[in-house]
Amino acid sequence: AGDEEWIDGNLGSWMHTFFGIDEAYVVDGQDLPIYSFAEKELKPPLFFESRRDLFRPYLQRLRSSLAAGETPPEERREQSIGITDYTYVGGRPAVISLKPILSESGRLAPPLEAIRVHVAVQYLEGAIVDRVGRAHVLEGLKYVRAGEGAPGAASVSLTSDAGDVVIEFQWVPFKPGQRLLTSLSPVLVLVGSALLAGTLTISSASYRRKLDRIRNDEQVRYLASHDSLTGLYNRSAYERAADELIE
């Protein structure tokens, strides 16, 4: 009968507390609002007017399906058909749900023009996105506006049934190799420094030995061609020079 207290306790503020639904509305058979919940509080029913243009095509589609006698697929185990879609509500990304309000037993079958519809809105931001990110280990999961995605980020797009609404989310891709490298960087720096110091030490010692060999070779060549006392060329050097001149 439109008992607002009952509706609020079963379809409004209770669904906000238990399921995290951000907005909930109940409209009558002529799609006129009889209950509104938004912004974490009960609103006057006419608050729904700010959402009417958005939900009108969904309400029309749902009532057409009800009039056609459509039923939900058996595997979904639902009592009645419904509509769920992605869209923007007040410029915010959201998932919406519309379901006819029927008796729990199904034995009461109100006429089509008397069936009331429950409309729910869940914004895809804030706590629910954080919860999904933690559940699926998606670091930094967030909604991004078109063209504002960060380069190199992983992303996924949610598209409405009509294909005219796209909601994009992005997150930091999981790169275990890069994370391992980052965690090992201090150790690698220490090892690299030790290797560099060792290489420099070995190179320095090798260079000194090379210089010593060069000096020794020069000394040997000098002694082989000079008199150790006077420093003049010795006989051997003289004979080599004479032979070169003769030739």
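**Group meeting talk: salt bridges, strands and cores**

Asp212 and Arg215 form a salt bridge, with their closest N and O atoms 2.4 Å apart. By salt bridge I mean a side-chain nitrogen of Lys or Arg within 4 Å of a carboxyl oxygen of Asp or Glu. Both residues lie in helix 5, residues 176-225. They are three residues apart, about one turn of the helix. Helices (H or I, at least four residues) and strands (E, at least two) are DSSP runs, numbered from the N terminus.

Before going on, the ground rules. This is a predicted model: local features need pLDDT of at least 70, side-chain atom pairs count only at pLDDT 80 or more, and totals for chains, interfaces and linings use all residues. Residues are numbered from 1 along each chain as its sequence is written, and side-chain values use heavy atoms, with hydrogens and water left out.

Back to the pair. Asp212 counts as partly exposed, at 35% relative accessibility. Arg215 is also partly exposed, at 49%. The cut-offs: buried is under 20% relative accessible area, exposed is over 50%, and partly exposed is in between (1.4 Å probe, protein chains only).

How many salt bridges does this rule give? The count comes to nine. Side chains of opposite charge can pair when their charged atoms come close.

Next, Glu23 and Arg51. Their salt bridge has its closest N and O atoms 2.9 Å apart. Glu23 lies in strand 1 and Arg51 in the loop between strand 3 and helix 3, so the pair ties together parts that are 28 residues apart in sequence. Are these two buried or exposed? Glu23 is buried, and so is Arg51.

Now a network. Salt bridges link Glu39, Glu41 and Lys43. Between Lys43 and Glu41, the N to O distance is 3.0 Å. Lys43 counts as buried, at 13% relative accessibility. Glu41 is partly exposed, at 40%. Glu39 is exposed, at 56%. Look at the backbone of Glu39 too. Its phi is near 55°, a positive value in a residue other than glycine. Glu39 sits in the loop between strand 2 (33-38) and strand 3 (41-43).

Val137 is another such case. Phi of Val137 is near 55°, again positive in a residue other than glycine. Val137 is in the loop between helix 4 (127-135) and strand 7 (139-144). It counts as exposed, at 67% relative accessibility.

On to strand 1. Five of its five residues are buried. Both faces are covered: Glu23, Tyr25 and Val27 on one side, Ala24 and Val26 on the other. What does strand 1 pair with? Five bridges join strand 1 to strand 6, and the two run antiparallel. Four bridges join strand 1 to strand 2, also antiparallel. Pairing here requires that DSSP finds at least two bridges between the strands. On the strand 6 side, Val26 has His118 as its bridge partner. On the strand 2 side, Tyr25 has Ser36. Strands 1 and 2 form a hairpin with five residues between them. Asp31, in the turn, has a positive phi of about 65°.

Now the cores. A nonpolar core is a set of buried Ala, Val, Leu, Ile, Met, Phe, Trp, Tyr and Cys residues joined through side-chain atoms within 4.5 Å. The largest has 20 residues. Which members touch the most others? Phe55, Leu59 and Leu98 do. Strand 1 (23-27), helix 3 (52-67), strand 4 (83-89), strand 5 (92-100) and strand 6 (117-123) each supply at least two residues. Helix 3 gives the most, with five.

Take Leu59. Not counting residues up to four places away in sequence, Leu59 touches Val27, Asp31, Phe48, Leu98, Val117 and Val119. Contact means heavy atoms within 4.5 Å. A second, separate core has eleven residues, including Val129, Leu141, Ala154 and Trp171.

Ser65 is in helix 3. Ser65 counts as buried, at 14% relative accessibility. Leaving aside neighbours within four places in sequence, Ser65 is in contact with Glu70 and Ile81. Ser80 is in the loop between helix 3 and strand 4. Ser80 is buried as well, at 9%.
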